[in-house]
Amino acid sequence: MDILTTIIQNLANGLLIGGVYALIGVGLSLIFGVMRVINFAHGDFVVIGMYSALVIYRQLSLDPYLSLLIALPLGFLLGLVLERIILSPLVDAPEDSTLLATLGLALILQNTLLLIFGAEPNSLYVSYATATIKLGPITLSLIQLIAGAVILVVIIGLYLFLTRSEAGKAVRATAQNRLGAELIGINTLAIHSLVFGFGMVLAIAAGIILIPQLFATPAITGPVFTLKAFVVTVLGGLGNIWGAIGGGLLLGVVEVLGASYISNSYRDAYGLVAFLLVLLLRPEGLFGKTVKRV
Amino acid sequence: MKRMWLMVFFLVGSLALAQETLKIGVITSITGRFAEFGAQQQAGMAVALAEVNAAGGINGKPVEILLEDDTSNVNAALAAAEKLLRSDVPIVLGAYSSSITNPLGQYFTRENFPFLVFTSSDDAITKPGSEWVFRLNQPASAYAEVLFDIFDSLNANNGGGLQNIALIHGNGNFETAVSDAALRLADERGYNIVERESYDRGVTDFRPVLNRFKASNPDVVFMVSYAEDSVGIMRQAKEVGLNAKIFAGGAAGFALPNFLEGAGDAADYVITATAWTKDVSYPGAENLYEKLKEQLGGKEPAYHAAQGYAGIIAAVDALRRAEDLSPASVQAALASTNLPDTVYGPIRFASENGYQNQNPIKMIAQQVQSGEFITVFPEAAAVGEIIFPTPIWNAR
């Protein structure tokens with residue numbers, strides 16, 4: 001492989017991985033933008049997605065991508081219920097109470113999964129797990145391409161919802177000014193539940209499209225993705241959905257390029273260095289202000 | 001009449017004496033994060049205990065295990081050790097994690113008390129070790145050694161042409177220890193390490209590293225990984241089309257049933273080091289495997305179970321031969337252990353190559369052939385031939 005092909009190959013891999021980061025980050029960003037809640041359980045929602053795909057695959061032998069159809073509505077309901085029980089009583093409390101509440105939720109989720117599935121890593125093997133598609137000299141993983149396609153569909157769906165539907169407009173109104181939204185007759189508590197349900201759906205979708213390529217563990221996987229989601233949203237600007245997408249793609253590319261051309265040992269460090277640089281030099285995020293907020 | 005009662009009294013008394021049990025102290029993880037491995041060890045010990053007692057115990061006395069939970073925590077382990085010392089056991093066995101076993105070894109050395117290690121693999125436990133600490137299982141560097149023995153043998157007999165090694169390993173203690181041993185062995189035996197990359201646990205995208213390996217075209221890809229990462233590496237090696245004459249797994253993930261399940265056909269031809277297998281040609285292995293599986297309620301036995309079994313067998317053998325049950329006599333009996341054909345392989349405690357009281361047993365190597373683990377090395381234990389070289393991905 002010559003240098004140019006390697007670079008293109010790495011960029012392609014980075015974008016495909018970054019797409020998954022983006023999907024996770026968008027959920028976190030959406031929840032923060034509308035509810036002003038920093039969701040520490042977000043990575044664990046991704047893990048719930050992974051395990052739901054595993055259970056559906058083992059019980060019903062359903063392909064993980066088809067299990068999206070079952071798991072997403074259930075996940076949405078779970079999100080609604082969790083928001084009602086845990087977060088809505090805290091709606092006017094200071095931000096650190098909701099932060100602690102989601103941190104507690106993360107611990108409960110991790111240990112519940114540990115109790116049910118045990119500590120060992122679980123995965124599922126689909127026949128096309130190692131299939132590739134060749135574009136000239138570039139090799140792309142089929143499951144990563146499927147993941148990319150699912151992400152596109154989900155994000156376009158979210159965009160249409162937010163810009164075209166009445167409920168979507170209400171979500172944006174709540175994000176801009178909760179009091180104002182209340183005054184013009186929007187039930188902002190219901191909007192909060194809705195948004196938390198959507199965040200859950202996005203995280204579960206990410207978990208399901210990830211599980212054919214990697215393992216789920218109850219206690220290790222969740223925090224890894226929570227951290228990635230924070231990096232992504234800070235890169236793009238908290239509460240900014242389009243920024244989260246850009247941040248996710250950027251993080252994927254930075255990680256892969258760093259691992260290829262510097263050293264793989266510091267892979268997580270590259271993202272965190274970018275995170276620190278953004279916090280220092282452009283705290284509103286790379287895409288802050290220049291992009292319309294939700 | 002009075003004499004008769006006296007006789008009855010003595011008879012009953014002697015019967016009671018004969019029923020007095022001999023207790024072996026064991027410290028391992030019953031709860032906490034190592035509990036799964038502790039459960040495997042306990043299953044092996046239970047099977048061994050049943051066999052020993054069915055055969056009359058130790059010099060007529062039934063044997064019992066006094067089990068103490070270390071809660072996967074070193075402080076609890078040290079407290080348990082103190083408790084066992086006060087409860088009159090002649091020997092203590094333990095534990096699972098090297099981070100617990102190492103301090104235990106130091107404690108028993110200070111107390112001048114015999115301690116038998118049967119699972120923990122950190123080299124430092126017996127290197128330099130002490131005269132009170134004995135280990136029947138292989139140290140971490142043995143994982144790398146057996147693979148280099150295979151490379152040597154392939155180079156000598158099969159015109160292997162193995163020279164350049166690309167090394168990828170997790171950055172945990174165990175994986176780093178094995179890959180450090182690999183670096184040392186490569187240096188000693190004249191191999192080149194052309195790439196060395198480590199990764200954090202939890203990272204499952206190895207494509208950048210594997211693409212880089214591909215560019216340097218190694219003869220051997222040497223991997224030291226746990227369960228989830230071993231699967232990721234092989235799947236992605238297939239995906240990026242990284243070819244090598246040998247894919248060598250320096251434990252631990254590559255030897256698990258999980259690996260076959262997770263990596264599917266990408267697992268084929270991987271050669272991996274392991275401590276024990278059911279098809280190893282040591283006498284009684286298959287039989288032990290069945291018994292262990294039954295003891296575990298149908299769950300797949302890991303090699304830790306066989307090590308638990310071997311631990312009890314070695315301890316009982318030493319106690320049988322010991323002049324009395326004083327620490328010094330048990331230590332002397334352990335030191336003169338010579339069990340050439342246990343189901344775990346030969347057991348004796350040698351002090352050589354910087355080790356002290358270390359069983360010089362080799363690791364076993366197995367190769368995945370058509371989705372099954374086949375023991376291929378050393379010859380004494382092998383049931384199949386190594387398939388070499390590994391066919392390139394497009395030709396499989």
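## Contacts of D149(B)

Contact here means that heavy atoms lie within 4.5 Å of each other. In this predicted model, D149(B) touches R189(B), K362(B) and F377(B), when residues up to four places away in sequence are left aside. D149(B) belongs to helix α5 of chain B. With a relative accessibility of 16%, D149(B) counts as buried, because the limit for that class is under 20%.

One of these contacts is also a salt bridge: the side chains of D149(B) and R189(B) meet with N and O 2.8 Å apart. D149(B) sits in helix α5 (residues 140-157) and R189(B) in helix α6 (residues 173-189) of chain B, so the pair ties together parts that are 40 residues apart in sequence. R189(B) has a relative accessible area of 29% and is therefore partly exposed, whereas D149(B) is buried.

## The interface between chains A and B

Which chain gives 32 residues to the contact, and which gives 26? Chain A supplies the 32 residues and chain B the 26. The area buried between the two chains is about 2500 Å², and carbon and sulfur atoms account for 49% of that area.

Eight residue pairs are in polar contact between chain B and chain A, counting pairs with both residues at pLDDT 80 or more. On the side of chain B that touches chain A, the elements giving two or more residues are β7 (192-199), α7 (207-216), α8 (227-240) and α9 (257-263) of chain B. Of these, α8(B) gives the most, with six residues. By residue class, this side of chain B comprises 13 charged, seven nonpolar and six polar residues.

## Salt bridges across and within the chains

Side chains of opposite charge can pair when their charged atoms come close. Over all chains, the structure holds 21 salt bridges. Across the interface of chain B and chain A, the rule finds one salt bridge. That bridge joins D205(B) to R267(A), with the closest N and O atoms 2.8 Å apart.

R267(A) also forms a salt bridge within chain A: its partner there is E255(A), and the closest N and O atoms are 3.4 Å apart. This pair links distant parts of the chain, with E255(A) in helix α10 (residues 241-261) and R267(A) in helix α11 (residues 267-281) of chain A, twelve residues apart. Both E255(A) and R267(A) are buried.

Within chain B, the side chains of E197(B) and R212(B) meet in a salt bridge, N to O at 2.9 Å. The two residues connect distant parts of the chain, E197(B) lying in strand β7 and R212(B) in helix α7 of chain B, 15 residues apart.

Which residues are joined into one network by salt bridges that share partners? The network consists of K228(A), E255(A), R267(A) and D268(A) from chain A, together with D205(B), R207(B) and E239(B) from chain B.

## Buried elements of chain B

Strand β1 (residues 22-28) of chain B has six of its seven residues buried, so it is largely enclosed by the rest of the structure. β1(B) pairs with strand β2 (residues 63-69) of chain B in the parallel sense, over seven bridges. In this pairing, I24(B) stands opposite I65(B) in β2(B).

Helix α12 (residues 327-335) of chain B has buried residues as well, namely S329(B), V330(B), Q331(B), A333(B) and L334(B). The elements that cover these buried residues include β5 (133-135) and α11 (303-321) of chain B.

## The setting of S67(A)

In chain A, S67(A) lies in helix α3 (residues 67-87). Is S67(A) buried or exposed? Its relative accessibility is 0%, and S67(A) therefore counts as buried.

Beyond residues up to four places away in sequence, S67(A) touches A53(A), I56(A), L62(A) and I208(A). The C-alpha atoms of S67(A) and I191(A) are separated by 27 Å, the two residues being 124 residues apart along the chain.

Key:
Residues numbered from 1 in each chain as written. Chains lettered and ligands numbered in written order. Predicted model: local features only at pLDDT ≥ 70, side-chain atom pairs only at ≥ 80, totals over all residues. Heavy atoms only, no water. Buried area = accessible area lost by both parts, 1.4 Å probe. Salt bridge = Lys/Arg side-chain N within 4 Å of Asp/Glu carboxyl O. Polar contact = N/O pair within 3.5 Å; in protein donor to acceptor, adjacent residues only side chain to side chain. Helix = DSSP H or I, 4+ residues; strand = E, 2+ residues; numbered from the N terminus. Nonpolar A, V, L, I, M, F, W, Y, C, P; charged D, E, K, R; others polar. Buried < 20%, exposed > 50% of the residue type's maximum accessible area, 1.4 Å probe, protein only. Pairing = 2+ DSSP bridges.
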